[in-house]
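Good morning, and thank you for making the time.

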Amino acid sequence: MTALLYILLAIVVAVAIWQVASILNLKSVIATEKDNNTQGILFAAFGIFFYGLMIFSFVKYSSILLPDSASLEGEKYDTLYMVTMVLILVVQAITQFLLFYFAFKYRGVKGRKALFYADSHKLEMIWTIIPAVVLAGLVLYGLSVWIDVMDPSDAENPLIVEVYAKQFQWEARYAGEDNELGLANVRNIKGINTMGVDMTDKNALDDVPVRELHLPKGRKVIFKFRSQDVLHSAYMPHFRAQMNCVPGMVTQFAFTPSMTTEEMRLNDKTITKVDGINKIRAEKGEDPYEFDYLLLCNKICGSSHYNMQMKIIVEEESEFNSWLSNQKTMAQVVQ
Amino acid sequence: MSDHHHKETFVTKYIFSTDHKMISKQYLVTGIFMGVIGVFMSMLFRLQIAWPDTSFSIIEAFLGRHQDGGVMSPDIYLAIVTIHGTIMVFFVLTAGLSGTFSNLLIPLQIGARDMASGFLNMVSYWLFFLSSVIMVISLFVEAGPASAGWTIYPPLSALPQAIPGSGMGMTLWLVSMAIFIASSLLGALNYIVTVLNLRTVGMKMTRLPLTIWAFFVTAIIGVVSFPVLLSAALLLIFDRSFGTSFFLSDIFIQGEVLHYQGGSPVLFEHLFWFLGHPEVYIVLLPALGITSEIISTNSRKPIFGYRAMIGSIIAIAFLSTIVWGHHMFISGMNPFLGSVFTFTTLLIAIPSAVKAFNYITTLWKGNLQMNPAMLFSIGLVSTFISGGLTGLVLGDSALDINVHDTYFVVAHFHLVMGVSAIYGMFAGVYHWFPKMYGRMMNKTLGYWHFWITAVAAYGVFFPMHFIGLAGLPRRYYSNTAFPLFDDVADVNIVITLFAILGGAAQIIFLANFFISIYKGKKAEQNPWRSNTLEWTTPVEHIHGNWPGEIPAVHRWPYDYSKPGHDEDFVSQVVPLYEGEEES
C-alpha cells in the first residue's frame, strides 16, 4: 500500500517537473558561447572539488586504514603497495589536472578555430613506451613479491594449520606432534568430529581441533583451507593474507606472524585507530573495544556471511606451545 | 528500396519493427526502465549499509515479506545486491548501451539502409525483452530472487539449502540470462556482418568513425565470450536440476552429505570470468567509442591519433580475453597462473593509457562546445582514469591478496566501468537524441544532470576506496558484528548521502528525456555540425534512411577545423578538393 503511495508521489514529482520544464524554455538546446564559458569555469571548479575531495579523504580517512602489517610477508606487501600508490597518485594528479585545465582553458569562443592536429608519432611513442617501461618494472617487482609470498616450500619447520570453513563458522586444526594433518572428508562428519577428520589415518590422532586460532610469532605458518559447503574466503587483513576455501579441494597460504597481539595493541597506528573507534562507541554508550586480530569471511556465503569470524591470537612461541599442549587432540576429543 | 512502400501498421512500426532506428529506441527505453530498477535497488541497500537496524518506511513499502518493521532481511539484502549488479551490467550497460547505439549508428554511420538482417535484429530485441521480463518476474518469487552475487558462484548458487534465493529465483535468473545471451549473440553477429558488408562506397575501414570501430570490436568480443557463459549457465542448470557434478564436490550442508563428487567451483569461476572480464570491455568500449566521436565533434578538432585509437581498441579487445584469471588470484588457482595473468592484465594498461592521453590531447587547443554530451564525455575520461589507475593495484596478484573482495574493488569497477560506461550512455543519448526522436533535449537540465551526477559519483566512490583499504569486505549486510569497523560507519553515511543525491539527479534526466520526446525543440538536420553520415539523413525517420541514393564517402570523419575549408567541419560526403590531402 505504501509502495503505491511512493509510486504516486513519484508520478506527482514527474508531473511537476514536466510542468516546470514546459514553463522553462525548452528551446535552449545547443551550447552558446556563454554556456561554453560557464561550463568551462565549472570544470575548473570541479577540478578544485576533485583535488579537495582527494586531499580531504587522505587526511580524514587515514586513521581508519589498517595498521602496520603483522606478518613478515605483509611488510613486503606494504612496500609494494606504497610504491604502486605513489605512482598512481602522480599519474592521477597530472592527467586529471590536464583534463580539467584543458576543459577550462579551451572552452569555446566564437570565431576561434581549433588547431588541426591529428597525429604525432613522437607523442604517441612517448606515451606508449613510458607506460610500458614503468609497467614492466611494476610487473617484475609485483611478481617477485607474489612468488615470495605464495611459495612457502623453503620454510624451515613451518607450523601446519588447517582452517575449516562452513556456514557461518570457522574451525581450525593443528597438525599436532607429527606436524602432518590427518586426512579428512566431509563424508566422515559425525557428531563431535565436525571437520570430517578420518580417524583411521594415523596422522589424524594427534591433530588438535580448536575454535580460536593461536599463532606463534616468528614461525612460518602454512595454512591449509577447506570448506564443507559453499565458497568462503579466509581473510586475515592484518597479516595481508587471504585465500578462498573451496569445497572439494585444499587451498594454501602461508605467512610468518611478526607482531604478537600485545605488540600490535601498542602500535601507534593501532592506538590511533582504536581510540577513534572507542570515541564512536562511547557516544553510542557501548563498551570500549580492544584490538584483536581477526579471520573474516570475505566471499559471499549466505545469510550470516556478515558475521562469520574467528579471533586470532599471536603470541611468543613458548606461550603458544604451552597453550597448544593444553588442547585436546582429535583422539581425545572423539573418544 | 525507396520505390516500394509497405503500408505500416502500428504493430509493424512500433512493436515488431525491423527498422534499426525503432529497435534502437526500443533497446533504449527498455534499458532505461531496467536502469531505474537497478538504481532504485542500490538506493535501498545503501540505506541498509549506512543505517543498519533503522526502520525505513520505503523499505517496508517495497520489500514486503522480506523485511521486518522496515529493516530488510540479510537474504533480501544479498538478493538486491545481486540483482542490482546483474541488471546494471547486462541489462543496462550491455543491452541498453550497446544495443541502443550499435543499432542506431552502425547503419547510419556506415551508410547502409538497415542492418544485414532486420528480422534477426527484431528477434534479438524481443529476446532481450523476454529476458528482462523474466528477470523482473524473478523479483517476485516466494523465496526472493537470485542472491549469490552477480557472479553466481556455485555451490552457493546451486544449493537452495545454502541460501533461499538459490531456489526458483536462481532458476529464473539462469533462464533469463540464457535468453539474454541468445539475444546478444544475434545482435552481435548482425553488427559484425553489417559493418563488414554494407559499408557505402568509399567507406573504407580506415574511414569508419571510432564509434563503429568500437561497436564492431565489441560485437566480436561478445561472440567470442558470451557462449562460454551460456555453457557455464547450462552446466550449472545440470548441476542444479539433473544431479551432475560439474562444479560441486564433497558438500555437507544442513546435516547431510550431498552426492556430488569430483566437480570444482574453480572451473565455474574460469568459465564465468572468461565472459566476465571481456564483459567489462563489452560495456566500456562502446562508451569509449561514443566519447571519441563526441569529444572530437565538440572540440571542433580531429580525434588525436585515430589509428592509435583503433589499434588500442583492438589491443584491448585481444588482451581482454586473456586476463580473466585476475579475478581468481586467490581462488586456489595455481600461483604460477596468477603470475601469467598479472602480466597480461598490466599490459592492458598500455592501450588504456594511450586512449586516455589521446583524449586529453584532443581537447588541447580545441574550441570546446560545452554541450551536455561533451560534459559527460569529459566526465568519462576523468572516471576512466581514476578507476583505471586502481586497476594497477587489483591487477597485480600480490597486491590483490589483501584488497580482493573488499570495497576497494567495488570502488574500482564502479568508476572504471560503471560510471564511465553510464556517462558514455548519457553522452550518447544527449548527442543522438535529435537523430532518434527528431527533437532536441534541453541543455539546462542536461547541465544540472551532469554536475550533480559528477559530484555525487566521486562523492560515492572516492571515499569507498578507503573503507576497502580498511579491510571491509563487500556484500556485508551490516558491519555491526565487527567493532573493528565501527569507524567506517560515518564514511558509509557520507557515501549513502551522495548516492541518494546521485540517484535523485537521474530524475532530471528522465524528465528531460521523456518531455523532450514530445515537447522538445524540433531538431535541425545537423545540430552539432558533425561530419558523420547519420547527419546527412532527413530528420524525419524513413525506412531505408536516405531518400535517394546512399551518399558516397570521400574522407575520414574527423576533418574538423581543417585548414583550407571555410567551415570548421567537412562532412564525409564532401569530395576532396583538388590538391587536398586526405588526413
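This is a predicted model: local features need pLDDT of at least 70, side-chain atom pairs count only at pLDDT 80 or more; totals for chains, interfaces and linings use all residues.

Let me begin with chain A. The domain assignment divides this chain into domain 1, made of residues 35-57, 65-108 and 122-151, and domain 2, which covers 159-334. Between the C-alpha centres of domain 1 and domain 2 of chain A there is a distance of 36 Å. The two domains do touch: 10 residues of domain 1 of chain A are in contact with 17 residues of domain 2 of chain A. On the domain 1 side of that contact, the residues comprise five nonpolar, three polar and two charged.

Next, the sheets of chain A. One is an open sheet of five strands, with the order β3-β2-β1-β5-β8 in chain A and mixed pairing.

Strand β2 of chain A, residues 169-174, runs antiparallel to β3(A), and three bridges join them. Tyr174(A) stands opposite Val208(A), the latter being in β3(A).

Another open sheet of chain A also has five strands, in the order β4-β10-β9-β6-β7, and its pairing is mixed. Its edge strands are β4 (213-216) and β7 (241-245) of chain A, each of which pairs on one side only. Here the twist from one strand to the next averages 25°. Inside the sheet, β6 (residues 232-236) and β9 (residues 293-297) of chain A run antiparallel and are joined by two bridges. Tyr235(A) is opposite Leu296(A) of β9(A). A helix also packs on this sheet: α7 of chain A, residues 317-325, touches β4 and β10 (309-315) of chain A, and the direction of the helix makes about 140° with that of β4(A).

I turn now to chain B and to two of its helix pairs. The axes of α2 (residues 20-50) of chain B and α17(B) cross at roughly 160° and come within 9 Å. An angle over 145 degrees counts as roughly antiparallel, and α2(B) is therefore roughly antiparallel to α17(B). The crossing of α2(B) past α17(B) is left-handed. Which residues meet here, from α2(B) and from α17(B)? From α2(B) they are Val39(B), Ser42(B), Met43(B), Arg46(B), Leu47(B), Ile49(B) and Ala50(B), and from α17(B) they are Asn492(B), Ile493(B), Thr496(B), Ala499(B), Ile500(B), Gly503(B) and Gln506(B). By class, this contact of α2(B) with α17(B) has eight nonpolar, five polar and one charged residues.

The other pair is α4 (residues 74-110) and α7 (residues 210-241) of chain B, which pack at about 125° with their axes 10 Å apart. At that angle, α4(B) and α7(B) are therefore oblique to each other. The crossing in which α4(B) passes α7(B) is left-handed. Among the residues making the contact are Phe101(B) and Leu105(B) of α4(B), and Ile212(B) and Phe215(B) of α7(B). The contact of α4(B) with α7(B) divides into six nonpolar, five polar and no charged residues.

How do the two chains meet? In contact with 114 residues of chain A are 121 residues of chain B. Helix α16 of chain B, residues 443-469, supplies the largest share of the chain B side, 12 residues. That side of chain B comprises 75 nonpolar, 30 polar and 16 charged residues.

Finally, some backbone details. The peptide bond from Gln167(A) to Phe168(A) is cis, with omega near -10°, and Phe168(A) is in the loop between β1 (159-166) and β2 of chain A. A cis peptide bond also joins Pro154(B) and Pro155(B), with omega about 0°. Pro155(B) belongs to the loop between α5 (118-138) and α6 (168-197) of chain B. Arg529(B), a residue other than glycine, has a positive phi near 50°, and its place is in the segment after α17 (489-519) of chain B.

Thank you for your attention.

How values were computed: Residues are numbered from 1 along each chain as its sequence is written. Chains are lettered from A and ligands numbered from 1 in the order in which they are written. Two strands pair if DSSP finds at least two bridges between them. Helices (H or I, at least four residues) and strands (E, at least two) are DSSP runs, numbered from the N terminus. Two residues are in contact if their C-beta atoms, placed from the backbone, lie within 7 Å. Ala, Val, Leu, Ile, Met, Phe, Trp, Tyr, Cys and Pro count as nonpolar, Asp, Glu, Lys and Arg as charged, and the others, Gly among them, as polar. Domain bounds come from an automatic or database domain assignment. Axes are lines fitted to C-alpha atoms, for helices over the stretch in contact, and angles run from 0 to 180 degrees between N-to-C directions. Angles under 35 degrees count as roughly parallel, over 145 as roughly antiparallel, 65 to 115 as roughly perpendicular and the rest as oblique. A crossing is left-handed if the near helix is turned anticlockwise from the far one by less than a right angle, and right-handed if clockwise.
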